[in-house]
Amino acid sequence: MEQLPDDVLVMAMQFLDVPDLLACRLVCKRLGVLALHRDAWRHRRLGDARRECVCPVLRLAPCLAVLRVSLPPARCPAEAFPASKCAVTELKISAQYDSGVYQAEALIRRQEQLGRLQRLDLSEMFADSETVFVLLENLAAMRGLESLALSILTKPPGIVSYSVPAPSLREFRCNLRADLATFVDSILAGHAATLRAVHLLPRVGRPIPNPRPLESRTAARLAALPNLCELSCDSLPGIEAVAACESLRELAIVVRTHEQQTAAAEGAAELFRRSGHLRRVELVYVDLDDAGADVVLAPALAACGRSGVETLVIKPWARPFPLRPLVSALPRLRALRHLQLDVQPAALLHAIRPATAPALRTVDLGALRSVCAHAWIHGKAVRAVMAANPALHIRFAPVKAYCARNSCASACVLRCHGQELRDLATPGAQVGLYSHDPDDRCSRTHATDCLWIRVPL
């Protein structure tokens with residue numbers, strides 16, 4: 001080892017775990033110096049999954065790629081974080097109560113002084129409203145930050161103004177509510193020149209009782225972003241103005257069917273009619289009931305002239321999604337290559353033909369519930385759609401992968417890939433189907449994280 005140059009030793013130290021790397025300080029003076037070299041630490045991710053003490057690293061390490069902490073800390077003294085000399089590139093904080101939020105503020109200010117912080121993620125922030133206001137004020141005034149994500153559970157006090165320095169943010173995530181709209185609008189206006197991805201998704205499945213309706217100024221701020229490429233948001237009032245963002249390529253909309261959101265959903269439909277530049281669209285339907293079943297946006301997406309949408313993801317919550325409007329819109333989505341929809345598969349597969357979806361290459365059906373996967377693979381619907389579309393790939397998650405002998409369809413006793421399905425016991429595991437020759441060139445990479453099965457025709 002004495003003959004190896006320093007850079008080779010530092011490269012080897014990058015593969016040591018943290019205790020072993022710190023133990024190198026006790027071997028000799030040379031290794032002791034190299035153990036604290038920046039290149040040995042700058043790619044490391046330090047978390048508190050087991051709530052371990054991170055004080056030695058904060059005291060000795062020169063830098064880290066990612067630091068994840070929960071405040072107030074369980075094992076570390078609170079003063080260890082603001083006094084740290086360890087410069088972090090990405091900081092992830094979960095803070096509760098006033099003491100935790102105060103410590104988070106001190107840690108953020110310290111990392112800003114060290115000058116390496118680029119990405120900040122604050123999750124589940126819960127404290128007094130005045131404490132949260134001070135936190136938001138400090139976040140708005142930060143300089144040099146490229147990514148900011150926060151989830152605030154406490155209502156800030158009143159309508160206030162936030163001062164934003166020179167623009168630097170490229171990505172912004174926040175759980176948008178009416179009481180956070182002023183902060184969100186300040187961030188959107190102050191960083192308009194640099195923002196490329198904005199995610200303003202609400203807490204789906206955990207609604208706020210009697211929420212105050214949002215105003216249209218947030219949508220106007222979004223429409224004024226010149227470089228916006230990705231957007232995820234609720235169906236905001238005035239959302240149709242975002243169609244002016246010609247750089248927008250990926251859009252995710254949460255659609256609600258209760259009375260307060262009907263007009264906003266109509267605005268989202270108007271947005272789709274004006275947007276021929278979108279490439280990926282995700283529709284999340286919340287509270288989809290019989291009265292609001294007609295509020296579907298796929299027909300509006302197909303009505304924008306020549307649609308350029310290549311990926312369409314539809315996620316219905318609680319209620320089945322009405323399939324007929326989507327099937328009628330498929331022939332006009334000429335560029336659609338990937339479709340993801342958690343729905344009963346038979347009706348959808350019967351509608352997929354080269355004439356109705358000529359560019360479609362992948363269909364993701366989600367979880368197959370109450371269906372024997374092995375029998376379904378050998379069923380008429382799969383064989384028919386594969387015969388008509390040789391380039392098509394179907395992905396799904398088998399809930400009931402394989403039945404016992406003679407307890408389901410006759411296909412379950414075939415000696416083909418049934419054992420592979422039986423061995424697929426990992427929750428959330430995916431199965432992929434294809435029918436083309438394995439030696440043919442394919443637009444889809446048959447990755448090893450999915451069990452790919454060739455369907456005999």
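**View 1. The second largest cavity of the predicted model****.** The second largest cavity has a volume of about 40 Å³. The structure holds two cavities of 30 Å³ or more. Seen here is the lining of the second largest cavity: L139, M142, L145, S168, L169, I187 and H191. Five of these lining residues are nonpolar and two are polar. No charged residue takes part in this lining.

**View 2. Strand β14 and its partner β15****.** Strand β14 spans residues 393–400. Six of its eight residues are buried, so β14 is largely enclosed by the rest of the structure. Buried here means under 20% relative accessible area. Strand β15 covers residues 430–434. The two strands, β14 and β15, pair in the antiparallel sense. Three bridges make up the pairing. I394 stands opposite L433, a residue of β15. In a regular strand the side chains alternate between the two faces of the sheet.

**View 3. Cysteines without a disulfide****.** The structure holds zero disulfides. A disulfide is a covalent bond between the sulfur atoms of two cysteines. For C24, the closest cysteine sulfur is that of C28. The two sulfurs are 8.8 Å apart, which is too far for a bond. The cut-off for a disulfide is a pair of cysteine sulfur atoms within 2.5 Å. C24 counts as buried because its relative accessibility is 13%. C174 has a relative accessible area of 3%, so C174 is buried too.

**View 4. The cis peptide bond at P72****.** L71 and P72 are joined by a cis peptide bond. Its omega is about 0°. P72 lies in the loop between β2 and β3. Strand β2 runs over residues 63–71, and β3 over residues 87–96.

**View 5. The two sides of helix α1****.** Helix α1 covers residues 6–13. Its residues L9, V10 and M13 are buried. These three cover an arc of only 100° around the axis, so they sit on the same side of α1. Which residues are exposed on the other side of α1? D7 and M11 are exposed there. Exposed here means over 50% relative accessible area.

Conventions. Residues numbered from 1 in each chain as written. Predicted model: local features only at pLDDT ≥ 70, side-chain atom pairs only at ≥ 80, totals over all residues. Heavy atoms only, no water. 1 Å grid on protein atoms, 1.4 Å probe; cavity = no way out; pocket = protein on both sides within 12 Å on 5 of 7 lines; lining within 4 Å. Points joined across faces, edges and corners; volume = space filled by probe spheres on them. Nonpolar A, V, L, I, M, F, W, Y, C, P; charged D, E, K, R; others polar. Buried < 20%, exposed > 50% of the residue type's maximum accessible area, 1.4 Å probe, protein only. Helix = DSSP H or I, 4+ residues; strand = E, 2+ residues; numbered from the N terminus. Pairing = 2+ DSSP bridges. Arc of directions from axis to C-beta.
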